[in-house]
Amino acid sequence: RREGGGEGGEGGFNYSGWSPQNESDLLPVVDAKELSPDAFYADFIAKRRPVRIRGTLEEEGWRAAERWDASYLRRHAGDANVKVEQRSSLKESFGKGKTQSMRFGDFVKDMAGGKLYMTSQDTEDGELFASPIRELHERRDFPLRPRIIPGLVPANISLWMGSTSSASSSGLHHDYHDNLYILLEGSKKFTLYSPEYAQAMRTNGAIDCVHPNGMISYVGHETHADGSTEQERRRLEAKAKVLEAERDLQALEDGCECDPSLLEAAEGRLDEALDMELSLEAGQEAEGEEESGKTEPRNFSSLTEEEQGRLKGKCKALEVCIGAGEMLYLPCGWFHNVTSCNSGAPYHLALNYWFYPPDNESGAVKDPYSHRSRAVLWESNEYARGGAVDN
(Lines give C-alpha, C1' and ligand atoms only; values in the text may rest on other atoms or scores of the structure.)
Protein backbone atom coordinates (compact mmCIF):
# COMPACT_ATOMS: atom_id res chain seq x y z
CA ARG A 1 0.00 0.00 0.00
CA ARG A 2 1.20 3.49 -0.78
CA GLU A 3 0.22 6.62 1.08
CA GLY A 4 -2.63 8.57 -0.43
CA GLY A 5 -4.59 6.08 -2.47
CA GLY A 6 -2.06 3.35 -3.07
CA GLU A 7 -2.68 -0.20 -4.16
CA GLY A 8 -5.36 -0.73 -1.54
CA GLY A 9 -5.98 -3.50 0.96
CA GLU A 10 -7.50 -6.92 0.53
CA GLY A 11 -10.82 -5.37 -0.43
CA GLY A 12 -9.24 -3.57 -3.39
CA PHE A 13 -10.78 -0.78 -5.42
CA ASN A 14 -14.18 -2.24 -6.17
CA TYR A 15 -16.36 0.79 -6.82
CA SER A 16 -19.29 -0.31 -8.98
CA GLY A 17 -21.45 2.82 -8.98
CA TRP A 18 -21.98 5.44 -11.64
CA SER A 19 -19.08 7.47 -13.04
CA PRO A 20 -19.00 9.93 -15.95
CA GLN A 21 -17.85 8.25 -19.15
CA ASN A 22 -16.90 11.37 -21.09
CA GLU A 23 -15.56 14.80 -20.26
CA SER A 24 -18.77 16.23 -21.74
CA ASP A 25 -21.04 14.36 -19.29
CA LEU A 26 -23.20 16.66 -17.20
CA LEU A 27 -24.78 16.18 -13.82
CA PRO A 28 -28.47 15.30 -14.15
CA VAL A 29 -31.01 17.89 -13.00
CA VAL A 30 -34.48 17.04 -11.68
CA ASP A 31 -37.37 18.95 -10.13
CA ALA A 32 -38.11 18.23 -6.47
CA LYS A 33 -41.87 18.29 -7.12
CA GLU A 34 -41.54 15.50 -9.69
CA LEU A 35 -39.27 13.24 -7.64
CA SER A 36 -40.78 10.32 -5.72
CA PRO A 37 -38.87 8.41 -3.00
CA ASP A 38 -38.85 5.23 -5.13
CA ALA A 39 -37.56 7.02 -8.23
CA PHE A 40 -34.95 8.96 -6.24
CA TYR A 41 -33.62 5.75 -4.69
CA ALA A 42 -33.62 3.72 -7.91
CA ASP A 43 -32.20 6.39 -10.22
CA PHE A 44 -29.65 8.05 -7.96
CA ILE A 45 -29.06 6.56 -4.49
CA ALA A 46 -28.80 2.93 -5.62
CA LYS A 47 -26.73 3.90 -8.67
CA ARG A 48 -24.48 6.18 -6.55
CA ARG A 49 -25.12 9.03 -8.94
CA PRO A 50 -25.01 12.67 -7.83
CA VAL A 51 -27.93 14.85 -8.88
CA ARG A 52 -28.84 18.53 -8.74
CA ILE A 53 -32.41 19.06 -7.55
CA ARG A 54 -34.39 22.21 -8.35
CA GLY A 55 -36.42 23.10 -5.26
CA THR A 56 -36.07 22.02 -1.66
CA LEU A 57 -37.97 19.54 0.50
CA GLU A 58 -41.58 19.04 -0.53
CA GLU A 59 -43.25 18.03 2.71
CA GLU A 60 -45.08 19.18 5.79
CA GLY A 61 -42.62 20.05 8.52
CA TRP A 62 -40.13 21.78 6.21
CA ARG A 63 -40.21 25.45 7.20
CA ALA A 64 -36.55 26.48 7.08
CA ALA A 65 -36.74 27.93 3.57
CA GLU A 66 -39.45 30.41 4.54
CA ARG A 67 -38.32 31.14 8.10
CA TRP A 68 -34.53 31.22 8.27
CA ASP A 69 -33.43 34.79 7.77
CA ALA A 70 -30.88 36.50 10.01
CA SER A 71 -33.53 38.01 12.26
CA TYR A 72 -35.29 34.68 12.85
CA LEU A 73 -32.01 32.85 13.53
CA ARG A 74 -30.88 35.44 16.08
CA ARG A 75 -34.28 35.50 17.76
CA HIS A 76 -34.73 31.76 18.17
CA ALA A 77 -31.17 30.43 18.40
CA GLY A 78 -29.09 33.52 19.19
CA ASP A 79 -28.15 32.42 22.73
CA ALA A 80 -26.77 29.08 21.56
CA ASN A 81 -23.03 28.61 21.96
CA VAL A 82 -21.39 27.58 18.67
CA LYS A 83 -17.92 26.86 17.32
CA VAL A 84 -16.76 29.33 14.70
CA GLU A 85 -13.72 29.28 12.46
CA GLN A 86 -11.83 32.54 12.01
CA ARG A 87 -9.50 32.92 9.03
CA SER A 88 -6.41 35.09 9.32
CA SER A 89 -7.12 36.56 5.87
CA LEU A 90 -9.75 36.37 3.16
CA LYS A 91 -7.32 34.37 0.97
CA GLU A 92 -6.97 31.55 3.51
CA SER A 93 -9.11 28.44 2.82
CA PHE A 94 -11.67 27.46 5.38
CA GLY A 95 -10.50 24.56 7.49
CA LYS A 96 -7.14 26.26 8.11
CA GLY A 97 -8.24 28.96 10.53
CA LYS A 98 -8.53 29.04 14.33
CA THR A 99 -11.65 27.76 16.07
CA GLN A 100 -13.36 29.77 18.77
CA SER A 101 -16.63 29.64 20.68
CA MET A 102 -19.18 32.43 20.58
CA ARG A 103 -22.90 33.12 20.78
CA PHE A 104 -24.67 32.25 17.55
CA GLY A 105 -26.40 35.64 17.59
CA ASP A 106 -23.02 37.39 17.76
CA PHE A 107 -21.72 35.30 14.88
CA VAL A 108 -24.71 36.21 12.69
CA LYS A 109 -24.12 39.87 13.49
CA ASP A 110 -20.32 39.82 12.98
CA MET A 111 -19.85 37.44 10.03
CA ALA A 112 -20.16 40.14 7.37
CA GLY A 113 -16.41 40.76 7.35
CA GLY A 114 -15.86 37.45 5.60
CA LYS A 115 -13.37 35.91 8.03
CA LEU A 116 -15.88 34.00 10.17
CA TYR A 117 -17.49 30.71 9.17
CA MET A 118 -19.68 28.33 11.12
CA THR A 119 -20.59 24.69 10.75
CA SER A 120 -22.43 22.70 13.40
CA GLN A 121 -21.21 19.31 12.15
CA ASP A 122 -19.11 18.53 15.24
CA THR A 123 -21.33 16.69 17.72
CA GLU A 124 -20.88 14.56 20.80
CA ASP A 125 -20.89 10.82 20.20
CA GLY A 126 -24.39 9.61 19.40
CA GLU A 127 -25.88 13.08 18.93
CA LEU A 128 -27.76 13.77 15.72
CA PHE A 129 -27.04 17.50 15.78
CA ALA A 130 -25.55 20.32 17.83
CA SER A 131 -26.47 23.97 18.38
CA PRO A 132 -27.93 25.96 16.70
CA ILE A 133 -29.66 23.07 14.87
CA ARG A 134 -30.86 21.74 18.23
CA GLU A 135 -32.69 24.99 18.99
CA LEU A 136 -34.11 25.22 15.46
CA HIS A 137 -35.39 21.67 15.64
CA GLU A 138 -37.28 22.61 18.81
CA ARG A 139 -39.13 25.06 16.55
CA ARG A 140 -40.04 22.13 14.26
CA ASP A 141 -38.37 23.87 11.31
CA PHE A 142 -37.22 20.70 9.53
CA PRO A 143 -37.92 16.94 9.52
CA LEU A 144 -35.50 14.44 11.02
CA ARG A 145 -35.86 12.10 8.05
CA PRO A 146 -36.88 13.76 4.77
CA ARG A 147 -39.76 12.06 2.99
CA ILE A 148 -37.67 11.82 -0.17
CA ILE A 149 -35.17 9.50 1.59
CA PRO A 150 -37.26 7.37 3.96
CA GLY A 151 -34.93 4.38 4.30
CA LEU A 152 -31.50 5.87 4.97
CA VAL A 153 -30.51 6.47 8.60
CA PRO A 154 -29.35 10.03 9.39
CA ALA A 155 -25.88 10.35 10.88
CA ASN A 156 -25.83 14.12 11.28
CA ILE A 157 -27.83 17.24 10.44
CA SER A 158 -25.71 20.38 10.13
CA LEU A 159 -25.94 24.10 9.47
CA TRP A 160 -23.32 25.90 7.36
CA MET A 161 -23.14 29.69 7.36
CA GLY A 162 -20.72 32.44 6.35
CA SER A 163 -20.35 35.64 4.38
CA THR A 164 -17.91 36.32 1.59
CA SER A 165 -18.13 38.40 -1.57
CA SER A 166 -15.29 36.43 -3.16
CA ALA A 167 -15.24 32.65 -3.57
CA SER A 168 -13.88 30.67 -0.62
CA SER A 169 -12.82 27.03 -0.94
CA SER A 170 -13.48 23.98 1.21
CA GLY A 171 -10.43 22.04 -0.01
CA LEU A 172 -10.65 18.80 -2.00
CA HIS A 173 -11.97 15.92 0.11
CA HIS A 174 -14.55 13.15 0.28
CA ASP A 175 -17.13 12.39 2.97
CA TYR A 176 -18.04 9.13 4.67
CA HIS A 177 -21.78 9.68 4.34
CA ASP A 178 -24.33 10.32 1.63
CA ASN A 179 -25.07 14.04 1.59
CA LEU A 180 -28.34 15.85 0.89
CA TYR A 181 -27.20 19.47 0.70
CA ILE A 182 -29.91 22.14 0.80
CA LEU A 183 -28.79 25.67 -0.12
CA LEU A 184 -30.97 28.41 1.37
CA GLU A 185 -28.89 31.53 0.60
CA GLY A 186 -25.91 32.32 -1.64
CA SER A 187 -24.37 30.06 -4.27
CA LYS A 188 -22.04 27.07 -4.31
CA LYS A 189 -19.86 25.57 -7.00
CA PHE A 190 -18.96 21.88 -6.63
CA THR A 191 -16.13 20.21 -8.54
CA LEU A 192 -16.74 16.47 -8.30
CA TYR A 193 -14.59 13.38 -8.86
CA SER A 194 -15.94 9.83 -8.80
CA PRO A 195 -14.62 7.30 -6.21
CA GLU A 196 -13.31 5.46 -9.28
CA TYR A 197 -10.40 7.91 -9.22
CA ALA A 198 -9.63 7.67 -5.49
CA GLN A 199 -6.09 6.46 -6.20
CA ALA A 200 -5.32 9.70 -8.05
CA MET A 201 -6.58 11.99 -5.27
CA ARG A 202 -3.47 11.64 -3.04
CA THR A 203 -5.34 11.52 0.24
CA ASN A 204 -3.56 12.25 3.52
CA GLY A 205 -4.46 8.75 4.71
CA ALA A 206 -3.47 5.46 3.10
CA ILE A 207 -6.53 3.98 1.39
CA ASP A 208 -7.26 0.37 2.36
CA CYS A 209 -10.10 -0.18 -0.09
CA VAL A 210 -12.99 1.43 -1.93
CA HIS A 211 -16.23 -0.47 -1.39
CA PRO A 212 -18.68 -1.02 -4.27
CA ASN A 213 -20.91 1.79 -2.96
CA GLY A 214 -18.00 4.26 -2.89
CA MET A 215 -17.26 4.12 0.83
CA ILE A 216 -13.51 4.64 1.25
CA SER A 217 -11.80 2.70 4.03
CA TYR A 218 -8.36 3.64 5.37
CA VAL A 219 -5.48 1.58 6.70
CA GLY A 220 -5.79 1.37 10.48
CA HIS A 221 -9.39 2.70 10.33
CA GLU A 222 -11.12 -0.01 8.31
CA THR A 223 -14.89 0.20 7.87
CA HIS A 224 -17.63 -1.82 6.28
CA ALA A 225 -19.48 -0.41 3.27
CA ASP A 226 -22.17 1.16 5.49
CA GLY A 227 -19.47 3.04 7.41
CA SER A 228 -19.59 0.86 10.52
CA THR A 229 -16.52 -0.64 12.16
CA GLU A 230 -16.34 -4.10 13.74
CA GLN A 231 -16.28 -2.45 17.17
CA GLU A 232 -19.38 -0.41 16.36
CA ARG A 233 -21.24 -3.44 15.08
CA ARG A 234 -20.51 -5.35 18.27
CA ARG A 235 -21.66 -2.35 20.31
CA LEU A 236 -24.89 -2.05 18.33
CA GLU A 237 -25.55 -5.79 18.66
CA ALA A 238 -25.30 -5.24 22.41
CA LYS A 239 -27.61 -2.23 22.11
CA ALA A 240 -30.15 -4.39 20.25
CA LYS A 241 -30.11 -6.87 23.14
CA VAL A 242 -30.66 -4.01 25.60
CA LEU A 243 -33.64 -2.72 23.62
CA GLU A 244 -35.11 -6.22 23.37
CA ALA A 245 -34.63 -6.82 27.11
CA GLU A 246 -36.23 -3.45 27.92
CA ARG A 247 -39.26 -4.29 25.77
CA ASP A 248 -39.64 -7.72 27.40
CA LEU A 249 -39.40 -6.27 30.89
CA GLN A 250 -41.87 -3.48 30.07
CA ALA A 251 -44.37 -6.00 28.70
CA LEU A 252 -44.16 -8.05 31.90
CA GLU A 253 -44.53 -4.97 34.11
CA ASP A 254 -47.57 -3.84 32.10
CA GLY A 255 -49.28 -7.17 32.66
CA CYS A 256 -51.96 -7.35 35.34
CA GLU A 257 -50.51 -10.45 36.93
CA CYS A 258 -46.92 -11.54 36.50
CA ASP A 259 -44.88 -14.36 37.96
CA PRO A 260 -42.11 -12.71 40.06
CA SER A 261 -39.63 -15.25 38.72
CA LEU A 262 -40.30 -14.06 35.16
CA LEU A 263 -39.68 -10.46 36.22
CA GLU A 264 -36.46 -11.46 37.94
CA ALA A 265 -35.27 -13.33 34.85
CA ALA A 266 -36.12 -10.37 32.59
CA GLU A 267 -34.26 -7.97 34.88
CA GLY A 268 -31.28 -10.31 34.81
CA ARG A 269 -31.23 -10.34 31.01
CA LEU A 270 -31.40 -6.55 30.98
CA ASP A 271 -28.52 -6.23 33.45
CA GLU A 272 -26.43 -8.65 31.41
CA ALA A 273 -27.14 -6.75 28.19
CA LEU A 274 -26.31 -3.41 29.85
CA ASP A 275 -23.01 -4.77 31.19
CA MET A 276 -22.05 -5.94 27.70
CA GLU A 277 -22.98 -2.57 26.20
CA LEU A 278 -20.95 -0.65 28.81
CA SER A 279 -17.85 -2.78 28.25
CA LEU A 280 -18.01 -2.23 24.49
CA GLU A 281 -18.58 1.52 24.91
CA ALA A 282 -15.45 1.67 27.08
CA GLY A 283 -13.52 0.08 24.22
CA GLN A 284 -14.90 2.65 21.80
CA GLU A 285 -13.82 5.52 24.10
CA ALA A 286 -10.30 4.11 24.15
CA GLU A 287 -10.28 4.09 20.34
CA GLY A 288 -11.38 7.74 20.37
CA GLU A 289 -8.52 8.71 22.66
CA GLU A 290 -6.05 7.16 20.22
CA GLU A 291 -7.54 9.37 17.48
CA SER A 292 -6.80 12.63 19.32
CA GLY A 293 -3.83 14.59 18.07
CA LYS A 294 -4.51 13.99 14.38
CA THR A 295 -4.19 17.26 12.48
CA GLU A 296 -4.57 16.38 8.80
CA PRO A 297 -7.86 14.58 8.06
CA ARG A 298 -7.15 11.41 6.13
CA ASN A 299 -10.06 12.04 3.74
CA PHE A 300 -8.58 15.32 2.43
CA SER A 301 -6.42 15.51 -0.67
CA SER A 302 -2.91 16.94 -0.60
CA LEU A 303 -3.06 17.89 -4.29
CA THR A 304 -2.35 21.53 -5.06
CA GLU A 305 -4.88 23.59 -7.01
CA GLU A 306 -2.59 23.37 -10.05
CA GLU A 307 -2.40 19.56 -9.77
CA GLN A 308 -6.18 19.37 -9.39
CA GLY A 309 -6.56 21.43 -12.54
CA ARG A 310 -4.44 18.96 -14.52
CA LEU A 311 -6.55 16.05 -13.26
CA LYS A 312 -9.92 17.48 -14.30
CA GLY A 313 -9.81 16.00 -17.78
CA LYS A 314 -8.10 12.75 -16.87
CA CYS A 315 -10.49 12.03 -14.00
CA LYS A 316 -13.57 13.37 -15.82
CA ALA A 317 -14.42 15.99 -13.22
CA LEU A 318 -17.98 17.27 -13.05
CA GLU A 319 -18.73 20.87 -12.20
CA VAL A 320 -22.10 22.00 -10.92
CA CYS A 321 -23.36 25.31 -9.54
CA ILE A 322 -26.36 25.42 -7.24
CA GLY A 323 -28.22 28.47 -6.07
CA ALA A 324 -30.56 29.31 -3.22
CA GLY A 325 -33.60 27.07 -3.23
CA GLU A 326 -31.79 24.07 -4.74
CA MET A 327 -30.34 20.81 -3.43
CA LEU A 328 -27.47 18.51 -4.31
CA TYR A 329 -27.41 14.79 -3.56
CA LEU A 330 -23.83 13.52 -3.29
CA PRO A 331 -23.07 9.87 -2.48
CA CYS A 332 -20.26 9.00 -0.08
CA GLY A 333 -16.76 8.72 -1.50
CA TRP A 334 -17.21 11.36 -4.21
CA PHE A 335 -14.33 13.81 -3.92
CA HIS A 336 -15.40 17.43 -4.08
CA ASN A 337 -14.06 20.93 -3.76
CA VAL A 338 -16.71 23.50 -2.84
CA THR A 339 -16.46 27.23 -3.39
CA SER A 340 -18.97 29.47 -1.62
CA CYS A 341 -20.14 32.97 -2.47
CA ASN A 342 -22.89 35.30 -1.27
CA SER A 343 -23.99 36.04 -4.87
CA GLY A 344 -25.93 39.16 -3.96
CA ALA A 345 -27.25 37.78 -0.68
CA PRO A 346 -25.89 39.08 2.66
CA TYR A 347 -24.53 35.60 3.49
CA HIS A 348 -24.53 31.97 2.34
CA LEU A 349 -26.54 29.47 4.35
CA ALA A 350 -27.12 25.74 3.94
CA LEU A 351 -28.60 22.81 5.82
CA ASN A 352 -27.36 19.33 5.09
CA TYR A 353 -28.32 15.80 6.03
CA TRP A 354 -25.61 13.17 6.24
CA PHE A 355 -26.88 9.60 5.92
CA TYR A 356 -25.11 6.30 6.49
CA PRO A 357 -24.54 4.97 2.96
CA PRO A 358 -26.62 2.01 1.72
CA ASP A 359 -24.80 -1.26 1.05
CA ASN A 360 -27.62 -3.68 0.25
CA GLU A 361 -27.27 -4.00 -3.52
CA SER A 362 -30.53 -5.96 -3.79
CA GLY A 363 -32.40 -3.75 -1.32
CA ALA A 364 -35.21 -1.35 -2.12
CA VAL A 365 -35.90 2.14 -0.81
CA LYS A 366 -36.89 0.92 2.69
CA ASP A 367 -34.31 -1.88 2.93
CA PRO A 368 -30.98 -0.19 2.10
CA TYR A 369 -28.66 -1.94 4.59
CA SER A 370 -27.27 -5.48 4.65
CA HIS A 371 -26.62 -5.44 8.41
CA ARG A 372 -29.10 -4.51 11.12
CA SER A 373 -26.65 -2.21 12.92
CA ARG A 374 -27.96 0.91 11.17
CA ALA A 375 -31.59 0.15 12.04
CA VAL A 376 -30.57 -0.44 15.67
CA LEU A 377 -28.66 2.84 15.67
CA TRP A 378 -31.78 4.76 14.62
CA GLU A 379 -34.06 2.83 16.98
CA SER A 380 -31.80 3.73 19.90
CA ASN A 381 -31.62 7.44 19.00
CA GLU A 382 -33.31 9.64 21.59
CA TYR A 383 -35.32 11.47 18.93
CA ALA A 384 -36.46 8.31 17.17
CA ARG A 385 -37.54 6.89 20.53
CA GLY A 386 -39.93 9.76 21.14
CA GLY A 387 -37.92 12.54 22.78
CA ALA A 388 -38.70 15.02 20.03
CA VAL A 389 -39.85 12.93 17.13
CA ASP A 390 -41.65 14.50 14.23
CA ASN A 391 -41.79 11.74 11.64
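This is a predicted model: local features need pLDDT of at least 70, side-chain atom pairs count only at pLDDT 80 or more; totals for chains, interfaces and linings use all residues.
What volume does the largest cavity have? Figure 1 takes up that question.

Figure 1. Residues are numbered from 1 along each chain as its sequence is written, and side-chain values use heavy atoms, with hydrogens and water left out. The largest cavity has a volume of about 80 Å³. A search of the whole structure finds one cavity of 30 Å³ or more. On a 1 Å grid over the protein atoms alone, a cavity is a set of points where a 1.4 Å probe fits but cannot get out; a pocket is an open set with protein on both sides within 12 Å along at least five of seven lines; lining residues have an atom within 4 Å of a point. Grid points are joined across faces, edges and corners, and a volume is the space filled by probe spheres set on the points. Among the lining residues are Ala32, Leu35, Arg147 and Met327. The lining divides into six nonpolar, one polar and three charged residues. Here Ala, Val, Leu, Ile, Met, Phe, Trp, Tyr, Cys and Pro count as nonpolar, Asp, Glu, Lys and Arg as charged, and the others, Gly among them, as polar.

**Figure 2. The second largest pocket.** Its volume is about 250 Å³. The lining holds 15 residues, and Ala46, Arg48, Asn213, Pro358 and Glu361 lie nearest the centre. Six of the lining residues are nonpolar, five polar and four charged.

**Figure 3. Phenylalanine 40 meets phenylalanine 44.** The structure holds ten aromatic pairs. The ring centres of phenylalanine 40 and phenylalanine 44 are 6.1 Å apart and the planes stand at 55°, so this pair is tilted. Rings of Phe, Tyr and Trp (its six-membered ring) pair if their centres lie within 6.5 Å; planes under 30 degrees apart count as stacked, over 60 as edge-to-face and the rest as tilted. About one helical turn separates phenylalanine 40 and phenylalanine 44, because they are four residues apart in helix H1 (residues 37-45). Helices (H or I, at least four residues) and strands (E, at least two) are DSSP runs, numbered from the N terminus. Both phenylalanines are buried (under 20% relative accessible area; exposed is over 50%, partly exposed in between; 1.4 Å probe, protein chains only). Ring pairs link Phe40, Phe44 and Tyr329 into a cluster.

**Figure 4. Tryptophan 68 and phenylalanine 142.** Their ring centres are 6.3 Å apart and their planes at 80°, so the pair is edge-to-face. The pair links distant parts of the chain, 74 residues apart. Tryptophan 68 sits in the loop between helix H2 (64-67) and helix H3 (70-77), and phenylalanine 142 in the loop between helix H5 (133-138) and strand E7 (154-162). Both residues are buried.

**Figure 5. Asparagine 179 in strand E9 (residues 178-185).** Asparagine 179 counts as buried because its relative accessibility is 6%. Beyond its neighbours within four places in sequence, its contacts (heavy atoms within 4.5 Å) include Tyr329 and Trp354.

**Figure 6. Backbone exceptions.** Most residues other than glycine have a negative phi, and most peptide bonds are trans. A cis peptide bond joins serine 131 and proline 132, with omega about 5°. Arginine 140, not a glycine, has a positive phi of about 60°. Arginine 140 lies in the loop between H5 and E7.
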